[in-house]
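This report covers a sheet, the helix packed on it, and the salt bridges around them. The sequence and structure come next.

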Amino acid sequence: MPELTRRTALTATAALAAATVATPRASAEGHDHGSPQAFDEVYRGRRIQGRSTGGHHGGWLVTVDGVELHLMQNADGTWISVVSHYDPVPTPRAAARAAVDELQGARLLPFPAN
């Protein structure tokens, strides 16, 4: 059996420390790190909010100043909205921000249900 040297011990310790830092940990809340997170913020003077509505299709309720922004998740996991339909983004928060950018200060009007 090889003798344990200081160099071997330090190398093993460094490797273990690097592996620990590189390994993502689940948070105490049990969030799925692949899923977008709920948000509530003011972006460029507009209040944007979003939360998962559950469901297996990744439904989200996102609002801009209290008005619902209709979102759709693409097959590749990106998101688009009724306002910025041709600019896919990685998360519902990014879709809300893109909509605010596209609106350029205009109000978001309610989308007809029919």
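## Sheet and helix

Four strands form an open sheet in the order β1-β2-β3-β4, with antiparallel pairing. Two strands count as paired if DSSP finds at least two bridges between them. Helices (H or I, at least four residues) and strands (E, at least two) are DSSP runs, numbered from the N terminus. β1 and β4 (67-69) are the edge strands, each pairing on one side only. From one strand to the next, the twist averages 25 degrees.

Helix α2 (residues 92-103) packs on this sheet and touches β1, β2, β3 (59-64) and β4. Its direction makes about 25 degrees with that of β1. Axes here are lines fitted to C-alpha atoms, for helices over the stretch in contact, and angles run from 0 to 180 degrees between N-to-C directions.

## Basis of the values

The model is predicted: local features need pLDDT of at least 70 and side-chain atom pairs count only at pLDDT 80 or more, while totals for chains, interfaces and linings use all residues. Residues are numbered from 1 along each chain as its sequence is written, and side-chain values use heavy atoms, with hydrogens and water left out.

Buried means under 20% relative accessible area, exposed over 50%, and partly exposed in between (1.4 Å probe, protein chains only).

Five bridges pair β1 with strand β2 (residues 46-54) in the antiparallel sense. Glu41 has Ile48 in β2 as its bridge partner. Two residues lie between the strands of this hairpin, where Arg44 takes a positive phi near 50 degrees.

## Salt bridges

Side chains of opposite charge can pair when their charged atoms come close. A salt bridge is taken as a side-chain nitrogen of Lys or Arg within 4 Å of a carboxyl oxygen of Asp or Glu, and the count by this rule is five. One of them joins the side chains of Asp40 and Arg47 at 2.7 Å, N to O. Asp40 is partly exposed at 45% relative accessible area, and Arg47 is partly exposed at 42%.

Glu41 forms a salt bridge with Arg97, the closest N and O atoms being 2.8 Å apart. Arg97 lies in helix α2 and Glu41 in strand β1, so this pair ties together parts that are 56 residues apart in sequence. Glu41 is buried, with a relative accessible area of 17%, while Arg97 is partly exposed at 30%.

Arg46, in strand β2, counts as buried because its relative accessibility is 9%. Its contacts (heavy atoms within 4.5 Å), leaving aside neighbours within four places in sequence, are Glu41, Val64, Asp65, Val100, Leu103, Gly105, Ala106, Arg107 and Leu108.

With Asp65, the side chain of Arg46 makes a salt bridge of 2.5 Å, N to O. Asp65 lies in the loop between β3 and β4 and Arg46 in strand β2, so the pair ties together parts that are 19 residues apart in sequence. Asp65 is partly exposed, with a relative accessible area of 41%. Elsewhere, salt bridges that share partners join Glu41, Arg93 and Arg97 into one network.

Ser35 sits in the loop between α1 (6-22) and β1, and is partly exposed at 33% relative accessibility. Ser35 and Thr91 are 56 residues apart in sequence, with 8.7 Å between their C-alpha atoms.
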